[in-house]
Amino acid sequence: MVTVPDGEPDALTIGRRIRHLRTSKGMTLDDLATAIDRAPSQVSTLENGKREPKFSQLQAIARALGASVDDLLSAEPPSERDALEIELERVQRGPLFASLGIEGVRIGKSLPHDALSTILALHRELERLHTERAATPEEARRANAELRDDMRARDNYLPELEQVAKGLLADVGHTSGPLPQRMAAEIAAHLGFTLHYVGDLPHSTRSVIDTRNRRVYLPSKGFRGRSNTRSALLQALASHVLDHTEPRHYGEFLRQRVEANYLAAALMVPEKPGVKFLREAKDERAIAIEDLRDAFGVSFETAAHRFTNLATRHLGIPVHFMKVHESGILHKAYENDGVRFPADALGAVEGQHVCKRWTARQVFDVEDRFNPYAQYTDTPSGTYWCTSRVENTSDGAFSVSVGVPFAHVKWFSGRETTVRTASSCPDESCCRRPPADLIEKWGDYAWPSARPHASMLAAMPSGAYPGVETTEVYRFLERHAPEG
């Protein structure tokens, strides 16, 4: 069953309580609209739960209805029928219903009570089946979806970690400019660690910390890409600074990874100079992720991540971020600007195919990989401008993209691009369903052998640190531990 936390009324419940009190008073929409000096359409929007009312509006409505604000803010639906209608409305707005690809029913007095109850019973059974199937892969997807929702609610900004980064940089006397590898090593020394570069680091790790002997092991050959050794060092130290312990479940593992990545990025692109740089670029209407990358000597992906941390809180710009494999699979994503990522029935976006017409896919066909690529994309949720760049890794090529709604593109370099595409995804006719003539010709004769990523089919990796071979790590530490 779809519910909201006890004692926390949402827009749907508030709207139904307004409607219930209005009709019980014998007032029409026009009557209430006149009483609060608003258009009837605005009152209808509030009653349908499509907009959260401001407190001043609630006060005006309460006075017009002869009620108190507390009456409107009660989490209890006004009637059993209203409770069912609210539940169905939430169901039809949820990811499970959206994944079915069917039209929602019109919710109103004309919908028979038994039909309403039957629809909800069917949905509850579907949800129960999905919950039963929530073994390891589903658990991972649920955890990813929950974490993404939380980061969206916080605008991808974690002030407590910004303060930790600020304190560490002050401790080692770094005041401005890019953080060099030397200064990253000083942070390690300040925390009581020595650095050791080895050629036999376990293949499933980027770094290993030996807390007994206060050592950090890093690969002697480094990584592919800019500043990755520095990044790996800072991420390893971040977990120590944040007192991360063995994760109890996959959700905690994901959150620890996000926190470590966030703190490492906040050290490489500190908040104060980073915001200063971005505000100056905004004033000049010339924000560019490449410029942020070059100014602080980080990778494009780190610069893109850091921009999403700071853009909404400090610049007032809603934003979305994507990391997409050349196969079209979405690996990382964040949004607070209304863009609709492809999602499964659990609301998870990782592992889904991105529309071929989006910037994150189009960029793979661009011959010039050295200059930033930008385009406008018309989608069912609005028009978005996005800038993207391809980065090569040992796991293949990935595009890293940052985008904003059309209303905010005026602040960015690259807005003059004339490239524009249209996407109707998740409608399958957009890019997933083959043309009718090809279906007719090949539908009965094609039998492809898929080459999916192992992570798409495998269960969630077992062990304290998913994806890491613990025995290999312990043997590595045994080899390198100092004698005595």
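A: Start with the residue classes. Ala, Val, Leu, Ile, Met, Phe, Trp, Tyr, Cys and Pro count as nonpolar, Asp, Glu, Lys and Arg as charged, and the others, Gly among them, as polar. The model here is predicted. In its second largest cavity, the lining divides into 4 nonpolar, 2 polar and 3 charged residues.

Q: Which residues line the second largest cavity?
A: The lining consists of Val 363, Val 366, Asp 368, Arg 369, Asn 371, Tyr 373, Ser 388, Arg 389 and Val 390. Strand β7 gives the largest share, 3 residues. The space amounts to about 50 Å³.

Q: How is such space found, and how many cavities of 30 Å³ or more are there?
A: Rolling a probe the size of a water molecule over the atoms shows where empty space is left. The count here is 4 cavities of 30 Å³ or more. The largest has a volume of about 70 Å³, and β4 (320-325), α17 (359-362), β6 (373-379) and β7 (382-393) each give two or more residues to its lining. Among the lining residues are His 320, Trp 358 and Tyr 384. By class, 6 are nonpolar, 4 are polar and none is charged.

Q: What lines the second largest pocket?
A: A pocket, unlike a cavity, is open. The second largest pocket holds about 1,700 Å³ and has 47 lining residues, with Arg 93, Gly 94, Pro 95, Ala 98 and Ala 343 nearest its centre. Helices α6 (80-93), α7 (95-100), α8 (113-132) and α9 (136-153) each contribute two or more residues. The lining has 21 nonpolar, 11 polar and 15 charged residues.

Conventions: Residues numbered from 1 in each chain as written. Predicted model: local features only at pLDDT ≥ 70, side-chain atom pairs only at ≥ 80, totals over all residues. Heavy atoms only, no water. 1 Å grid on protein atoms, 1.4 Å probe; cavity = no way out; pocket = protein on both sides within 12 Å on 5 of 7 lines; lining within 4 Å. Points joined across faces, edges and corners; volume = space filled by probe spheres on them. Helix = DSSP H or I, 4+ residues; strand = E, 2+ residues; numbered from the N terminus.
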